[in-house]
Amino acid sequence: MGDNNWQVKLCEGMPEVKLAQSVCDMCNGNCGGSCGINLFIKKDMLIKTSGRQGHPLSHGYICAKGRLIPEILNAPDRLRHPLKKDGKGRFREISWDEAFSLITRQLKDIKAKYGAESLAVHVGHAGVRKEFTPYVELFCRLFGTPNFSTSGSHCYLSKLIANEITCGGLPVPDLPNSKCIIFWGYNPKESYPPVKRIINEARKKGAGLIVVDPRATSTARESDLHLQLRPGTDTALALGLLNVIIGENLYDREFVDKWAIGFGELLQHIRQYPPEEVAKITWVPADKIRKAARMYASCKPASIASGIAPELLTNGFQAERAMSVLQAITGNLDIPGGAIFTPPPKLSPVLVETATEKPAIGKEEFPLFHKYTNRAQANLYPRAILEGRPYPIKGLIVVGSNPVLTWPDAGKVKRALGKLEFLAVMDLFLTETAKLADLVLPAATFWERDEIWDHSYIIGDPRLGMAQKALPVGDVMTDWAFWRELATRLGYGHEFPPKTEYEAINFRLKPLGLDFEQLAECPNGYIYQEKQYKKYEEEGFNTPSGKVEIYSKQLENHGYYPLPTYHEPGESPWSTPEIARDYPFILSTGARALSYIHSRYRNLPSFRKRAYEPLVEMNRKTAEKLKIKDGELLAVESLRGRIELKAKLTEELHPQVIYVPHGWAEANVNLLTDDTVLDPVTGFPAFRALLARVRKINLSHP
Ligand SMILES: Nc1nc2c(c(=O)[nH]1)N[C@H]1C(S)=C(S)[C@@H](COP(=O)(O)OP(=O)(O)OC[C@H]3O[C@@H](n4cnc5c(=O)[nH]c(N)nc54)[C@H](O)[C@@H]3O)O[C@H]1N2
Ligand SMILES: Nc1nc2c(c(=O)[nH]1)N[C@H]1C(S)=C(S)[C@@H](COP(=O)(O)OP(=O)(O)OC[C@H]3O[C@@H](n4cnc5c(=O)[nH]c(N)nc54)[C@H](O)[C@@H]3O)O[C@H]1N2
Ligand code: SF4
Ligand SMILES: [Mo]
């Protein structure tokens, strides 16, 4: 049944070409969504894609990556068979049956020798909001390991938890209806361009735009106000805005009196953050802080679209808390044009609760991260593997992720992966991580399986849709089918109720009174509920007090700061001046560029043609002082490691700040990042504010 594509039609005038309506899911993550696409298929092969008119978010737009999907799917180096590493480190093709025998044997051995918890399973960005991911978690529980982690170890969950604790849920910005929008460490022009269209329309209607970004991006330059802060100082800036808003009586007194607790304590607390002091910390002039605060607080409804940058800091959780408080005290929660709560669709839950003997890795250090997510914190896996703390991890299965290029301190990650007794990787390509594996499993892509997509988390559009399988799976396997088969071989098949993905989707849709076919008939999605606002007036907020918790007893009880509080980044010219003497630049890594998704596609010629190599961006004047020329090869070093890449001189950056993209094997910036100083509440790494130095490479004296 799942093999039928209900949306496949024949192309007019080209009887041999079929047209299937689908979506591109590549941006899907923290702030990205999906775009509607048409797939043109000839003899079971994808030959072309185009933007699909009428799609509620993308309206016919697709970016170059979306147009290059045929190159991804048909790549000559795409994995087609399971690969097993032999004693000499060479890969040999094996059958699926052999692959299952090998992995089953390895998992049983590990469990018998070290206990079930010594297996960890990590699902990366390719598994975000995918139908197979809850089943991987189910597998982990059935096997008996608490160590199920996702890219949520460094993405999105910090924001989610900060907002859960503050106002009982994560609201999203109702951008189309806002009168003032703050893009806070968010740059959709590169990370999900369809949002630009929404902003342009809101701005045509008169909405103001404030951009908080250390870089003068084109989005920042086109905004009404650009707050060009020092990387990592977001919490201080937010507290400075709160200082002005409260000091000038620009907050919503009625809302605060009725619906917030801890305002009195906040009032005292923000006295430490007058604009002049905040200006010294953040480098944002005091008059701009005042202007931004007045603009945001006096244009109601207003919203904050916070991107990934504030999360990727040692003080990131507090930054998200402070933004949550800003939205609350200005009375922008749950109103049209403000920060709205759109509950995700009520799908049947997959999980069975099975207690595990040992706590998840990271539970002890980051109890609230664990409480709110029930997940292990993957940033601590390398320590567990290398040092056996709190207990050893001996086996790891990596699904849709490339830790060697995307986890902090890649040198340590590589050492750790090398020490495992068993590493399996399921991917489309032989990635840098897959190269280290004992077993590599070829996965089907999004377009070779059935998937549900959901738009509630982008701009609060309660819309659910179906992207039906449009292409045959061939010799590879869908992630879902793999985990079901593995569970069956280990004797848990009966706990995996659906037998096919088609059945699984029908099971998930049941509470909505929908089935597979009905959802498939709505290529632009199905609105699963009416928008409702100010629900708190009847239900209260979903916090222990039923109110917005500006002061959080829960945080206090766990030994954390109960009010949003600024701390210098773990590494900075002020917190670690002794390091800054040798490493004077502030390094921000991984700002998105439209050309790639994280570590993917560097192996594909058309992608390379568009963006050939990684570049370190630095201020032109600084470069002139150091006699560095545009395009010159440089070494960038941190306490952890060294990479070499060419310089790109720019006016966009402060003289002391440098930027390096992530995801490049030839200059892996995560060799420079750190996994020891993490955000104390969430365990998130400081990808956006570290210290580094830059050296010219004298090629004649290597
Ligand atoms: N093309 C492309 N699109 C993607 C992805 C991709 O890899 N490639 N990944 C997807 C995923 S998983 C995610 S999480 C999203 C992320 O997408 P966004 O949330 O838009 O995040 P970024 O572009 O990484 O960073 C946004 C801005 O933060 C700025 N910034 C850097 N350091 C700081 C800081 O300390 N404070 C502040 N306020 N700003 C800072 C950068 O200059 C950048 O312009 O993108 C998604 N979309
Ligand atoms: N320095 C630095 N590091 C960062 C960041 C940063 O800003 N700076 N950003 C962080 C963030 S926000 C994120 S979300 C992470 C993302 O980091 P990862 O989760 O490692 O994401 P990708 O590098 O995109 O790796 C996804 C892999 O999945 C494969 N894949 C694609 N589709 C499928 C599928 O359907 N099934 C399977 N099994 N595999 C598939 C792809 O080929 C690719 O190898 O990176 C983080 N790392
Ligand atoms: S912006 Fe490009 S990569 Fe992202 S979902 Fe749309 S088409 Fe796909
Ligand atoms: Mo992300």
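**Around ligand 2**

A: In this predicted model, an oxygen atom of ligand 2 lies 3.4 Å from a polar backbone atom of G400. The side chain of S401 takes part too. One of its N or O atoms is 2.9 Å from an oxygen atom of ligand 2. R600 also uses its side chain, with a polar atom 2.8 Å from an oxygen atom of ligand 2. How much of ligand 2 does the protein cover? On its own, ligand 2 has 940 Å² of accessible area, and the protein covers 97% of that.

Now look at the shell. There are 31 residues around ligand 2. Those that come nearest are H125, N402, T406, D427 and S599. Sorted by class, the shell holds eleven nonpolar, 14 polar and six charged residues.

Next, two details of the backbone. D409 sits in the loop between α17 (403–406) and α18 (410–419). Its phi is positive, about 50 degrees, although D409 is not a glycine. A cis peptide bond joins R389 and P390, with omega about -10 degrees. P390 belongs to the loop that runs between α16 (381–387) and β16 (395–399).

Next, a barrel. Six strands close into it, in the order β23-β27-β24-β26-β25-β28, and their pairing is mixed. From one strand to the next, the twist averages 45 degrees. Take one pair as an example. Strand β25, residues 633–637, runs antiparallel to strand β26, residues 642–650. Five bridges join the two. Here V636 stands opposite I643 in β26.

The other ligand is worth a visit. K65 places a polar side-chain atom 3.5 Å from a nitrogen atom of ligand 1. R215 has a polar side-chain atom 3.0 Å from an oxygen atom of ligand 1. H598 works through its backbone, with an N or O atom 2.8 Å from an oxygen atom of ligand 1. How much of ligand 1 does the protein bury? Alone, ligand 1 exposes 930 Å², and the protein buries 99% of it.

Strands of a sheet pair through backbone hydrogen bonds, in either a parallel or an antiparallel way. In this sheet the pairing is parallel, and four strands follow the order β12-β11-β10-β14. The edge strands are β12 (225–227) and β14, and each pairs on one side only. With direction ignored, neighbouring strands are turned by 15 degrees against each other on average. Strand β10 covers residues 180–184, and strand β11 covers residues 208–212. The two pair in the parallel sense over five bridges. Within that pairing, I182 has I210 in β11 as its bridge partner. Finally, go to the loop between α13 (286–298) and β14 (302–306), where P301 lies. The peptide bond from K300 to P301 is cis, with omega near 0 degrees.

Technical notes:
Residues are numbered from 1 along each chain as its sequence is written. Chains are lettered from A and ligands numbered from 1 in the order in which they are written. This is a predicted model: local features need pLDDT of at least 70, side-chain atom pairs count only at pLDDT 80 or more; totals for chains, interfaces and linings use all residues. Side-chain values use heavy atoms; hydrogens and water are left out. A residue is near a molecule or strand if one of its heavy atoms lies within 4 Å of it. A polar contact is a pair of N or O atoms within 3.5 Å; within protein, one must be able to donate a hydrogen and the other to accept it, and residues adjacent in sequence count only if both atoms are side-chain atoms. Accessible areas come from the Shrake-Rupley method with a 1.4 Å probe; for residues, only the protein chains shown count as cover. Ala, Val, Leu, Ile, Met, Phe, Trp, Tyr, Cys and Pro count as nonpolar, Asp, Glu, Lys and Arg as charged, and the others, Gly among them, as polar. Two strands pair if DSSP finds at least two bridges between them. Axes are lines fitted to C-alpha atoms, for helices over the stretch in contact, and angles run from 0 to 180 degrees between N-to-C directions.
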